[in-house]
Amino acid sequence: GYGVHLKMTVLGKNHKIGIFILLWLLPISLTILNISRNYVTMSTITVGILSFILILINPKTSLLAIPFFTLLSPIAGFINIFSIHLLLSDFLFLLLGTQAIYLFLTKKIIINSRGLLILEVFIPFVFLFSTIFGIISQTLVTPRPILLLGQLIIVYYYTKNFAVDEEGWTAILNAWVAATILGSLLLLHSFIIGIDLSAFEQSYNRVLAGRSPDTQATFLIQPRYYYTTFHFALGISTIILIIKFIFSPHRKKIKIIIPLIILLIAIIVLQNKTTIFSIAGALTTFFIFYFFKSKIVRKKTLLLSLLFASITIVFLYYLDYYNSSYTQIYYWYNRLFHWSSLNERFVNYSYGLKAWFLHPFHLLYGMGPDCFDGSGNYGVTKQFKISGENLMVGTIDSGWISYLLEMGLIGFSLLLLLFYNSIKAVIKHINKVKFVNIEQSPSIYILVCLFYLIIAFSTQMLGYTKIVWLPFQILVIGLFYNRYNYNNLGILS
């Protein structure tokens, strides 16, 4: 009956992402080749329409399409409908919302909260209540957070129903990695010719410092669109490829080298310190945690330590030269070890917490989701956004603190509980399989990425943009290991 039908319609190892890579390579290639902006826009819209058709034919492929729409569709620019600026990813949400209703009515998507009450019932309720409370108390000026909640619900139930095992989860992660690599090519292209990606549809008119697009960049740039959102995908994808490279057989390492180098160069160009130190911290945490538990990890740790020591020696040897020369490494080094922004963040956190305590009715339920980004009342939120020397900043630059203030003590506690349960389930799985055929399992990727998110949220706000879909899927896949461990390994998490 239905159980057999459902099994036939989930993601598996036979569902490749190659079709989406080939489709999205077209607008990416046109952009890199500096082809007319109109052709880039037309090709992106065409690719989006073809992807929509694939999703309509086979709903599970939406899980493979989501990363490409999220990270790459902005190159088409905004599509204006009734004075509303929409991206192709917004149309994807409308398509998936309509399709989800049909799949629910035809019982292709099952809503069953058994074992996941916190995620499927409590958190949505608190999120919705916090939004309504924020609107009533006028800390929020729009019901937009409800749409953001709807997006997460759709992504969640698609993931839950169409990716039920490690093969499906691996396919999702591979799609995100592939889309991130293509996005990194855009980033590197913008760096080479000095184009600011803060608004894709205006890329060729917004050149940094008034320089000609034909002039090669002589300093590291911060393309703001990717700087404010892309680094989470870049960090997660880099971790996945690093772990794959470490634990894969030698013959498979060769296939990983070039994609990994692209991501690492993109990290250098992006120069986001949170991403760099969070990757290092997450990997270090994992190897320390398993150093005395696994012979395989001990062996890999020693090799990595030797590699790191070699890189450090080379870096220190050439340091004097780069300090006296205005080269790319000079600018990168100075930014990497310039910590004034961290001090400003702590000042900002202090102001934010003090302002929060002035609103006692919001301590439990928060100021409202997205309050410090696009949905908040500026007259209220400006007192939260003060940094060093009483300067106003755009937001509270910490995921943990912003979620605490926006969701309140109740919602924040539930979020912490989700992270704890997700990490606990993945660790139990890894301990059970004892690193046997571990290169075929996404469990290590998920665990290290969860460590990465915990560290990155300390000094970087994620907000509620569509890039949230990736960390959200990382979190829920970790939770799904509870059910997976019980069904396949006979253990309870």
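Analyst: Helices (H or I, at least four residues) and strands (E, at least two) are DSSP runs, numbered from the N terminus. By that rule the protein chain has 19 helices and two strands, and glycine 399 lies in helix α17, which covers residues 399-433. This is a predicted model, in which local features need pLDDT of at least 70 and side-chain atom pairs count only at pLDDT 80 or more, while totals for chains, interfaces and linings use all residues. Residues are numbered from 1 along each chain as its sequence is written, and side-chain values use heavy atoms, with hydrogens and water left out.

User: What makes glycine 399 buried or exposed?

Analyst: Buried means under 20% relative accessible area, exposed over 50%, and partly exposed in between (1.4 Å probe, protein chains only). Glycine 399 has a relative accessible area of 0%, and is therefore buried. Across the protein chain, buried residues make up 53% of the 493 residues.

User: Which residues does glycine 399 touch, leaving aside those up to four places away in sequence?

Analyst: With contact meaning heavy atoms within 4.5 Å, glycine 399 touches Phe457, Gln460, Met461 and Leu462. The C-alpha atoms of glycine 399 and isoleucine 455 are separated by 9.7 Å, although these residues are 56 residues apart along the chain.

User: Why are α4 and α7 called oblique to each other?

Analyst: Axes are lines fitted to C-alpha atoms, for helices over the stretch in contact, and angles run from 0 to 180 degrees between N-to-C directions. Angles under 35 degrees count as roughly parallel, over 145 as roughly antiparallel, 65 to 115 as roughly perpendicular and the rest as oblique. The axes of α4 (residues 62-72) and α7 (residues 144-162) come within 10 Å and cross at roughly 140°, and the two helices are therefore oblique to each other.

User: Which residues of α4 and α7 meet there?

Analyst: Ser62, Leu63 and Ile66 in α4 meet Val155, Tyr158, Thr159 and Phe162 in α7.

User: How do you know that the span of α5 agrees with its number of residues?

Analyst: The expected span of a helix is 1.5 Å times one less than its number of residues. For the 18 residues of α5 (residues 88-105) this gives 26 Å, and because its end C-alpha atoms are 26 Å apart, the two values agree. Among the buried residues of α5 are Leu92, Phe93 and Leu96, and the buried residues of this helix pack against α3 (37-57), α4, β1 (79-81), β2 (84-86) and α7.
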